[in-house]
Amino acid sequence: MATDLSEFTIIKEGEAEILMHAKNEVFFNKTQVNNRDLSIAVLRAFISKRKQEHETKISRRAKSAQKISENNGSEIVMEEASNESATNDEKCNTDCDAHEKLSNECGSPVLPEEQKENVEGKERRDAKPIRVLEALSASGLRALRYAREVEGIGQVVALDNDKASVEACRRNIKFNGSIACAKVESHLTDARVYMLTHPNEFDMVDLDPYGSPSIFLDSAVQSVVDGGMLMCTATDMAVLCGGNGEVCYSKYGSYPLRGKYCHEMALRILLACIESHANRYKRYIVPVLSVQMDFYVRVFVRVYTSASAMKNTPLKLSYVYQCTGCDSFHLQQIGRSVSKNNSVRYLPGFGPSVPQECSDCGKKFNMGGPIWSAPIHDQEWVTSMLADVKSMKDTYPAYDRISAVLTTISEELMDVPLFLSLHNLCATLKCTSPSAVNFRSAVINAGYRISGTHVNPLGLKSDAPMSVIWDIMRCWVKNHPVKAQPEDQPGSIILAKEPVLEANFARAIASLSKAQAKKVARFLPNPERHWGPKLRAGRQITSKHISLLGADAVNGALSHADSEEPNAKRSKVEEDPAPNQ
């Protein structure tokens with residue numbers, strides 16, 4: 001049946017185009033262009049990485065086969081030598097027999113070159129195009145962009161449990177031509193059931209739900225192949241950032257804390273939850289990129305199967321102790337390992353890592369977690385993706401934003417969990433704030449590392465202990481005195497102690513990152529107003545949604561609804577039978 005295009009608005013993003021109805025029947029959010037562009041960049045890097053891994057595997061198998069064939073040949077030569085010593089009078093015949101043994105007894109396929117070709121040919125036949133599963137497709141825009149823009153993809157399976165969404169997705173597949181029709185298929189089904197019934201089938205699984213992904217994680221970690229990629233978005237930031245701690249614990253198995261680092265903690269809670277689900281099936285994850293941007297968190301992890309490597313999970317998880325009086329926080333690792341000879345024993349972690357009261361201000365601690373305390377990015381992947389994005393900038397509609405995010409991530413300290421806020425430190429002490437360059441220089445001059453974070457433009461990551469951080473601030477306050485405060489205030493208690501470290505605020509060479517030195521934009525403003533979450537599909541747009549959608553969008557939707565209402569009433573009157581005379 002032909003589609004009447006007058007009823008739809010054509011939306012173009014990248015190389016894909018979709019038809020959107022005026023009604024809010026199928027979910028679409030323009031803001032998620034950042035999410036989709038970043039996913040395409042990761043997917044391209046993943047396909048390139050898989051090719052490299054496959055070539056390495058071919059080379060290793062070929063070398064192994066060549067070594068085996070050489071060992072077989074040496075055994076034959078030794079047997080020939082013993083025959084020669086026993087039958088010296090038939091030396092000529094023995095030489096002929098040796099040649100026959102080498103060619104006949106061992107058989108022709110054992111020759112090194114031929115074995116190498118057979119192994120390589122078999123491995124090349126096994127290298128199949130990438131299969132992608134988009135578990136919650138809605139309009140299908142993401143699946144269409146994957147199929148049309150990323151080389152090396154063989155199939156994209158788009159799922160949705162909403163009939164209107166599947167109809168829209170199939171309509172958009174046809175609208176995008178032969179490439180989309182050949183690669184993308186849409187199914188009306190529950191994504192959880194589909195993933196459970198298709199284990200170890202997809203090289204990449206993409207979860208981008210409206211809200212929490214927690215109910216999909218158990219089936220998702222089973223559906224991805226060994227070494228495959230799982231992409232996961234969570235938009236329930238109020239829950240993950242500590243607004244409803246008990247709800248977060250019920251969904252993710254971790255308790256959040258409301259610190260300045262809450263958005264990074266949200267990332268680490270999501271990673272810990274995915275790892276927990278993977279461990280149930282003797283699997284574990286390796287994060288390659290974890291991003292907080294706009295109103296959501298997005299993680300990209302590779303999933304591997306190994307019962308032995310899975311035992312390292314407790315070493316990657318930690319509880320967080322956050323002081324209620326100052327900004328001090330401390331991590332408590334869940335487990336530890338002890339190596340003896342060639343064996344490794346896994347034991348509970350030592351604790352507690354903090355006393356009952358904060359050593360800096362004397363207040364109590366709140367405890368949160370467990371969170372993922374291992375690195376949340378892979379430096380090699382980030383560098384590769386950033387170079388790829390810059391070389392193909394015209395193919396990314398949100399190039400400015402994703403390149404800025406990747407640039408900032410590339411300069412983060414990968415092995416330092418969570419971060420401090422310089423403004424919060426100063427608020428605790430009621431003092432003027434030193435410049436970021438001065439504070440960074442003091443930390444570097446004290447012999448520690450420091451960097452920014454992509455999560456917060458005012459955030460600072462450092463491996464310096466909190467005692468050193470407060471000593472630096474005490475030295476700053478000595479040169480920039482503050483008004484007297486009540487003695488029981490956390491700031492007064494901290495400043496009452498003499499600094500052990502004498503801070504040096506002389507400008508250090510590394511106090512500015514490379515991007516800052518080159519004045520590369522790292523934190524960009526939103527490109528337009530009302531750049532954020534949108535209304536769930538199927539809900540009626542009313543005047544109370546102006547803050548989400550804007551006045552123009554709401555007025556347009558309301559006028560469209562008003563114009564349809566009289567027509568609906570008129571058709572109903574025409575259908576009613578005439579009253580009895």
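**View 1. E134 and R142 pair up through their side chains.** These two form a salt bridge, with 3.8 Å from N to O. (A salt bridge here is a side-chain nitrogen of Lys or Arg within 4 Å of a carboxyl oxygen of Asp or Glu.) Both ends are tucked away: E134 is buried at 3% relative accessible area, and R142 is buried at 4%. (Buried means under 20% relative accessible area, exposed over 50%, and partly exposed in between, using a 1.4 Å probe and protein chains only.)

A quick note on the model: it is predicted, so local features need pLDDT of at least 70 and side-chain atom pairs count only at pLDDT 80 or more, while totals for chains, interfaces and linings use all residues. Residues are numbered from 1 along each chain as its sequence is written, and side-chain values use heavy atoms, with hydrogens and water left out.

**View 2. R50 reaches D203 across the chain.** Here the N to O distance of the salt bridge is 3.5 Å. R50 lies in helix α1 (residues 33-86) and D203 in strand β6 (residues 202-207), 153 residues apart. R50 is partly exposed at 22%, whereas D203 is buried at 12%.

How values were computed: Helix = DSSP H or I, 4+ residues; strand = E, 2+ residues; numbered from the N terminus.
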